[in-house]
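This report looks at one helix and at a set of charged side-chain pairs. The sequence and structure come before the discussion.

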Amino acid sequence: MSTKSRTRSKTRLSRALGIALTPKAAKYLEKRPYAPGEHGRTKRKQDSDYAVRLREKQRLRAQYGIREAQLKIQFEEARKAAGLTGENLVEQLEMRLDAILVRSAIARTTAQSRQMVVHRHILVDGQLVDRPSFRVKPGQLVHVKARSEGMEIFQVAAAGGHVDVLPKTPEYLEVEIDKLQARLVRRPKRAEVPVTCEVQLVVEYYAAR
């Protein structure tokens with residue numbers, strides 16, 4: 001899929017779910033705050049409980065750009081852990097390497113972040129990691145490989161090019177953007193995570209399956 005097509009599909013999905021999945025989609029949503037398609041402007045009929053839960057699950061999945069199978073695995077892990085399942089789920093997803101890169105403004109979008117990781121530009125505590133789903137532990141340092149720092153994509157990030165279009169850096173991260181590095185200080189708390197989702201509805205969706 002070309003970059004243009006990917007941008008178009010992300011914008012369309014953003015409008016369908018009512019949330020901005022990329023900075024570009026946020027601009028489109030300001031202009032067109034309704035669902036895509038010929039019936040987008042018409043008032044939606046009352047959704048069933050199932051439809052509401054499904055949409056909330058799709059919202060969470062889309063914001064992290066993960067497959068259904070990955071989300072289901074994360075849910076099962078969150079369910080077995082101590083504490084509230086929904087909060088555990090978001091906190092786990094937030095510790096993914098690709099999510100940390102976006103939150104720290106090293107990457108502009110999840111797609112860009114994933115590309116950085118897969119193309120082997122990212123280190124965790126000095127070790128190369130090429131899995132976007134890698135879970136960063138509190139205390140670990142995420143940084144760009146020295147040989148990659150001169151690339152335009154990283155130069156833009158180091159100059160603070162993404163800071164204004166992304167949510168404010170959450171307190172569970174210590175970021176030195178000019179050095180292209182971020183440390184996960186502690187486990188995130190759901191209330192601090194800039195994700196739009198009623199997590200209890202996601203829990204109910206899976207509990208009913």
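Is E94 buried or exposed? The model is a predicted one, and in it E94 has a relative accessible area of 0%, so this residue is buried.

## A buried salt bridge

The partner of E94 is R103: the two form a salt bridge in which the closest N and O atoms are 2.3 Å apart. R103 has a relative accessible area of 13% and is therefore buried, since the cut-off for buried is under 20%.

## Helix α4

Helix α4 covers residues 68-80, which makes 13 residues. At 1.5 Å a residue the helix should span 18 Å, and the distance of 19 Å between its end C-alpha atoms agrees with this.

The buried residues in α4 are L71, Q74, F75 and A78. Viewed down the helix axis, the buried residues fall within an arc of 105 degrees, so they line one face of α4. They pack against three other helices, namely α3 (49-64), α5 (85-94) and α9 (199-207). I73 and K80 lie on the other side of α4 and are exposed.

## K57 and its surroundings

K57 belongs to helix α3. Its relative accessibility is 4%, so K57 counts as buried. Leaving aside residues up to four places away in sequence, K57 touches E68, L71, V202, Y205 and Y206.

With E68 the contact is polar, side chain to side chain, at 2.6 Å. K57 and E68 are also linked with R61 in a network of salt bridges.

## Other salt bridges

The whole structure holds 13 salt bridges. One of them joins the side chains of E77 and R135, at 2.8 Å from N to O. This pair links distant parts of the chain, 58 residues apart: E77 is in helix α4, while R135 is in the loop between β2 (127-128) and β3 (141-144). E77 has a relative accessibility of 36% and so counts as partly exposed; R135, at 27%, also counts as partly exposed.

A further salt bridge is formed by R186 and E192, whose closest N and O atoms are 2.6 Å apart. R186 counts as partly exposed because its relative accessibility is 25%. E192 is partly exposed as well, with a relative accessible area of 24%.

How values were computed: Residues numbered from 1 in each chain as written. Predicted model: local features only at pLDDT ≥ 70, side-chain atom pairs only at ≥ 80, totals over all residues. Heavy atoms only, no water. Helix = DSSP H or I, 4+ residues; strand = E, 2+ residues; numbered from the N terminus. Expected span 1.5 Å × (residues − 1). Buried < 20%, exposed > 50% of the residue type's maximum accessible area, 1.4 Å probe, protein only. Arc of directions from axis to C-beta. Contact = heavy atoms within 4.5 Å. Polar contact = N/O pair within 3.5 Å; in protein donor to acceptor, adjacent residues only side chain to side chain. Salt bridge = Lys/Arg side-chain N within 4 Å of Asp/Glu carboxyl O.
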